[in-house]
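Please read the following report beside the sequence and the three-dimensional model, and check each passage against both.

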Amino acid sequence: MATQTEVLKFLMQTAPDYYSGDDLAQQIGVSRTAIWKAIQSLQTAGYSIESRHGLGYRYVANNQLSAPVIMAGLAGPVQPKLITLDQVDSTNAYLKRLAVTEPLTEPTVVVADTQTGGYGRFGRPFYSPSSTGVYLSIGLPIKAGAPFDPGLLTTGTAVAVAKTLDQLFDVTVALKWVNDVLVNHHKVVGILSEATTDLESGQISTVIVGIGINLTLPTGDFPVDLKQKAGAVTTELTVTRNQVVSTLLSEFFTSYQTYTTGDFMADYRRLSMVIGQQVELKTGATTITGVVNDIDATGALVVQLPTGEVQHLSSGEITKVNLLTGGYRG
């Protein structure tokens with residue numbers, strides 16, 4: 001396995017150029033036969049590696065999720081522990097189970113090709129078919145006494161996702177408070193933050209941020225109840241899912257270092273689709289209607305009621321947005 005990892009790393013570094021088997025053997029310090037066996041194993045595992053007589057081998061990026069490829073693409077201050085899975089019930093649920101049996105001591109990321117029981121806010125199912133999206137969860141250990149702000153973490157995550165889509169795709173991104181990311185008036189990303197607590201202290205010990213991105217799934221392929229609101233980022237994927245994950249994690253962990261300062265809120269407001277719009281918001285058993293004046297420094301919604309009263313709402317869900325322009329009605 002170590003030889004396979006080293007071979008893959010060298011080929012990724014030199015891609016799209018070829019790297020000879022003899023040079024690989026010399027670099028890694030193994031036999032030419034060991035290199036050949038490693039190439040065969042990588043190809044069997046689904047990595048696209050081409051060979052040509054007289055030139056050697058080269059890595060060709062494909063859409064299969066790969067921990068070494070994702071890690072090689074990371075930039076920024078944090079190198080998390082990374083787990084890739086072909087299938088899981090839910091990446092959030094997986095990390096919650098992991099945090100109970102093996103408390104997290106470092107940032108840990110789980111990425112899956114498909115989820116059989118993905119879920120969003122209020123337990124709503126999140127459709128997670130194979131090969132067409134990115135489904136990941138980020139586990140963050142929280143030290144006792146360390147500052148933690150759930151509102152800013154969620155809004156900061158939304159900005160990191162928006163920056164990722166802006167970098168990699170020719171799309172216009174909008175944010176619906178608090179955690180929905182839209183392209184072409186359709187929700188393409190869901191974000192869900194959850195926490196686990198230490199049984200002895202009763203304090204939060206781990207925060208899990210789940211992110212699901214519909215990359216290429218056509219609207220017609222969604223379940224009937226999702227077709228009106230859900231959509232995909234693009235009709236044709238021009239980058240790999242590994243690149244999407246690497247870019248997203250780089251953006252997230254760069255922002256996470258200072259997220260409690262709210263230094264991204266100007267970006268959040270700029271991308272917001274609800275500021276200046278009339279909304280209907282449900283918080284608990286109460287439904288509130290008003291015009292969104294702003295989003296404050298803590299990520300709370302600033303709503304002016306029909307009476308003229310202004311409220312700062314830090315929890316709830318916008319169930320309806322009446323846009324002056326555009327087709328979104330969710």
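Predicted model: local features only at pLDDT ≥ 70, side-chain atom pairs only at ≥ 80, totals over all residues.

Residues are numbered from 1 along each chain as its sequence is written, and side-chain values use heavy atoms, with hydrogens and water left out. Helices (H or I, at least four residues) and strands (E, at least two) are DSSP runs, numbered from the N terminus.

Two packed helices are described by the angle between their axes and the distance between the axes. Here the axes of helix α1 (residues 2–14) and helix α3 (residues 32–44) come within 9 Å and cross at roughly 80°, which makes α1 roughly perpendicular to α3. The axes are lines fitted to C-alpha atoms, for helices over the stretch in contact, with angles running from 0 to 180 degrees between N-to-C directions; angles under 35 degrees count as roughly parallel, over 145 as roughly antiparallel, 65 to 115 as roughly perpendicular and the rest as oblique. On the α1 side the contact (heavy atoms within 4.5 Å) is made by T3, Q4, V7, L8 and L11, and on the α3 side by A34, I35, A38, I39, S41 and L42. By class, the residues of this contact of α1 with α3 are eight nonpolar, three polar and no charged, where Ala, Val, Leu, Ile, Met, Phe, Trp, Tyr, Cys and Pro count as nonpolar, Asp, Glu, Lys and Arg as charged, and the others, Gly among them, as polar.

The largest pocket has a volume of about 850 Å³. A pocket is an open set of points on a 1 Å grid over the protein atoms alone, where a 1.4 Å probe fits, with protein on both sides within 12 Å along at least five of seven lines, and lining residues have an atom within 4 Å of a point; the volume is the space filled by probe spheres set on the points. Of the 41 residues that line the largest pocket, R124, P125, F126, K187 and L226 lie nearest its centre. Strand β8 gives the most to this lining, with six residues, and the lining of the largest pocket comprises 19 nonpolar, 14 polar and eight charged residues.

V188 has its place in strand β8 and is buried, with a relative accessible area of 0%; buried means under 20%, exposed over 50% and partly exposed in between, with a 1.4 Å probe and protein chains only. Not counting residues up to four places away in sequence, V188 touches, among others, L165, V181, G212, I213 and A232. T114, in strand β4 (residues 108–115), is likewise counted as buried, at 13% relative accessibility. By contrast, T261 counts as exposed at 56%, and T261 lies in the loop between α7 (241–256) and α8 (265–271).

Most residues other than glycine have a negative phi, and most peptide bonds are trans. The table gathers exceptions.

| Site | Backbone feature | Value |
|---|---|---|
| A15 and P16 | cis peptide bond | omega about 5° |
| W177 to V178 | cis peptide bond | omega near 10° |
| S131 | positive phi | near 75° |
| H185 | positive phi | about 65° |

P16 is found in the loop between α1 and α2 (21–28), and V178 in the loop between β6 (173–176) and β7 (180–183). S131 is partly exposed at 38% relative accessibility, and H185 is partly exposed with a relative accessible area of 39%.
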